[in-house]
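Subject: Structure handover

Hello,

Here is the structure I promised to pass on. Please open it first, then read the notes under it.

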Amino acid sequence: FDACDPRTPKDEGERRRRVREAGDARGGRAAQGRGCRACGDDDRVGEFHPQAPVGGQREGQGARGVRQREGYLLQGGRAGARVPARRRPLDQEEVGGRSGRDKESKSENSWRRARVDNEAAAVIRGTALAGARGLSSEAAGQQPRAPRRRVPADAPDLRGFMIRDRQELAKARKWSAEKRGQKAALRDKWNDAGAEKSYYLETYGCQMNEADSQVVESVLSRAGLVPSPAPEGADVVLLNTCAVRDNAEAKVWSRLNQLRGLRNRGGKRDALVGVLGCMAERLKDELLDHETLVNFIAGPDAYRDLPRLMQAAGSGQQAMNVQLSLEETYADIVPVRPQIEGISAYISIMRGCNNMCSFCVVPFTRGRERSRTLPSIEDEVRALSDQGYKEVTLLGQNVNSYWDQRSEGGDGYRAAPGFSNVYKLREGGGARFVDLLDAVSRVDPQMRVRFTSPHPKDFPPEVLQLIGERSNICNQLHMPAQSGSSSVLERMRRGYTRESFLSLIEEARTIIPNVAISTDMISGFCGETEEEHRDSVTLMEKVGFDQAFMFSYSERSKTHASHTMRDDVSDEDKLRRLQEVIDAFRGTATQAAEKFVGTEQVVLLEGESKRSTKESPQLAGRSDANKVCVWEPKEVPGLDGGPVSPKPGDYVRVKVLSAGTGTLYVEPLGVTRL
């Protein structure tokens, strides 16, 4: 319709509504702020007349009228350029002899009506029909239209598309039915108590995780699951994980992707995958977001709940339990230890950590400290002795802060001189680590006792003196320094200085003869300067550690450092500084090992060396100082003096012939006792 047409509704609101609708249908209002395109009436400001004769020629119009209309839509022959032309009533020349506006007429058609022809409408719609009237496409404001592309003769028609859609729909329905069938079968399998189900367990990280995996195996065994020799044949694959550094987590992510491919390439397609341990606690939501990788997760304190989690995952749900506990120690669960060893065993004596070092995520993944009762630990050590085990390793995130508050006695808490505690609530009665170490070492004098991982602050003099006195408590200490700079140690909230750490090392070497000391070191902590880094290098050179575990700093979420400090040391500087610390350690490690050359050591024979071959057989064991000792098998005097061939589990007295960085090459002298 035309706003100047007498058929236009007289009601102003209705007229404007229809004008707006017509304008929206044509792509919006053109010539904002201008008069009516058809009549030039300035009272109709901003209105859009979709059928106004602009850019085209009506019957009887002269060239001037055409140019005027072209001035609105055309500029330089380009269609759509909105350059307004002069607005005025059409004169007689333009309308082919009709008179001008009749101001006396009362009718709606008293002045010129703007009639729309096909050519004008085609110009507005962007077509070139004006050429049929003898006008070129340029004069009509149009570019030459590109030839229409023809549909290939062999292209599918509508029926073909419909058939293809039906086929795709049938495939989708079939796939969906198969998935529902698989889920139903899996649900029935996990709900069937009589169906045999198998598991495969992989462990990443520290000795504490290895001990936890033995607890997990015990829980699964009680639930009726049997171990599988390989992940391909297992109904459930479990990964017990570590979250201390980025590299540890990257290994787990890589393994999860491998397991997904394994299920698609011939493994059990309905096998469940579960993530356990510290990484499950730290990345719980992120792990479950990858629903094709992980079916359920369990934190370090939720292993008792594994059967329920697996059954929920078997019914098609994603399951999670990452609740940390203030009491869980798994003291009543007997771990499933490897049958082939029978020589050395782990015993978890406490869980969690209260130290809150600024770089460490352990308090957030393992929770608060809680310790097992001393009698329960004694009973487990006694049971292992009866089974023929010759060595136990006491485990804990902060093992020498052990505190059994339920037992009577104890002399209260004492830190090493020069060390302090961030966590203050350590006072009170109850058995401490020195009491536990004393009790455990008395169970079987012929059973070695080790412990890890301690904190330097919890080595009071009485602990060092007990280690020096008891022959079955190994003279090997792990003392994590983390840095050699007092200012960095303060930012780390370690509770000691460089000087107090060196004093503790000197005291330990004075009290414990031939003690071997290992450490942890972090390079590139927040704000570490070159001078602070040099302090770490000189500490490594000064102490001469027997073993060291060295890493570059890896920021962990939730830690004090992640909230209050900037990880401002570049990766290049971290790696360079780490390499310098490693070089400093290697420069002194050989010297530390050479002090054993010519001495006699007692070695617990573990079995064949890793490099043993049929052509060149070798035996290996560990000394009191935790040094690997290697020798060629031969007969030696036994306890009764007769010749015997030492077997795994025997204590063998050896003489050190030469030393490498981590290995002593020895000659066996005879079987002995502690």
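Below are my notes on backbone features, aromatic rings and charges over rings.

First, the ground rules. This is a predicted model, where local features need pLDDT of at least 70, side-chain atom pairs count only at pLDDT 80 or more, and totals for chains, interfaces and linings use all residues. Residues are numbered from 1 along each chain as its sequence is written, and side-chain values use heavy atoms, with hydrogens and water left out.

Backbone

Start with the peptide bond from Thr452 to Ser453. It is cis, with omega near 5°. Ser453 sits in the loop between strand E15 (448-452) and helix H13 (461-469). Helices (H or I, at least four residues) and strands (E, at least two) are DSSP runs, numbered from the N terminus.

Next, Tyr330. Its phi is positive, about 55°, although Tyr330 is not a glycine. Look for Tyr330 in the loop between strand E8 (319-321) and strand E9 (344-348). Tyr330 is buried, with a relative accessible area of 3%. Buried means under 20% relative accessible area, exposed over 50%, and partly exposed in between (1.4 Å probe, protein chains only).

Lys558 also has a positive phi, about 80°, and is not a glycine. Lys558 is in the loop between strand E18 (547-552) and helix H17 (560-564). Is Lys558 buried or partly exposed? Lys558 is partly exposed, at a relative accessible area of 38%.

Aromatic rings

How many aromatic pairs does the structure hold? There are seven. Rings of Phe, Tyr and Trp (its six-membered ring) pair if their centres lie within 6.5 Å; planes under 30 degrees apart count as stacked, over 60 as edge-to-face and the rest as tilted.

One of the pairs is Phe433 with Phe451. It is edge-to-face: 5.1 Å centre to centre, 70° between the planes. Phe433 lies in helix H12 (residues 433-443) and Phe451 in strand E15, so the pair ties together parts that are 18 residues apart in sequence. Phe433 is buried at 2% relative accessibility, and Phe451 is buried at 6%.

Phe451 also pairs with Phe459. That pair is tilted, with 6.3 Å between centres and 45° between the planes. Phe459 is buried too, like Phe451.

Elsewhere, ring pairs link Phe359, Phe525 and Tyr553 into a cluster.

Charges over rings

A charge sits over a ring if NZ of Lys or CZ of Arg is within 6 Å of the ring centre and within 35 degrees of the ring normal. Arg245 lies over the face of Phe551, 3.4 Å from the ring centre. Arg432 lies over the face of Trp403, at 4.0 Å from the ring centre.

Best wishes
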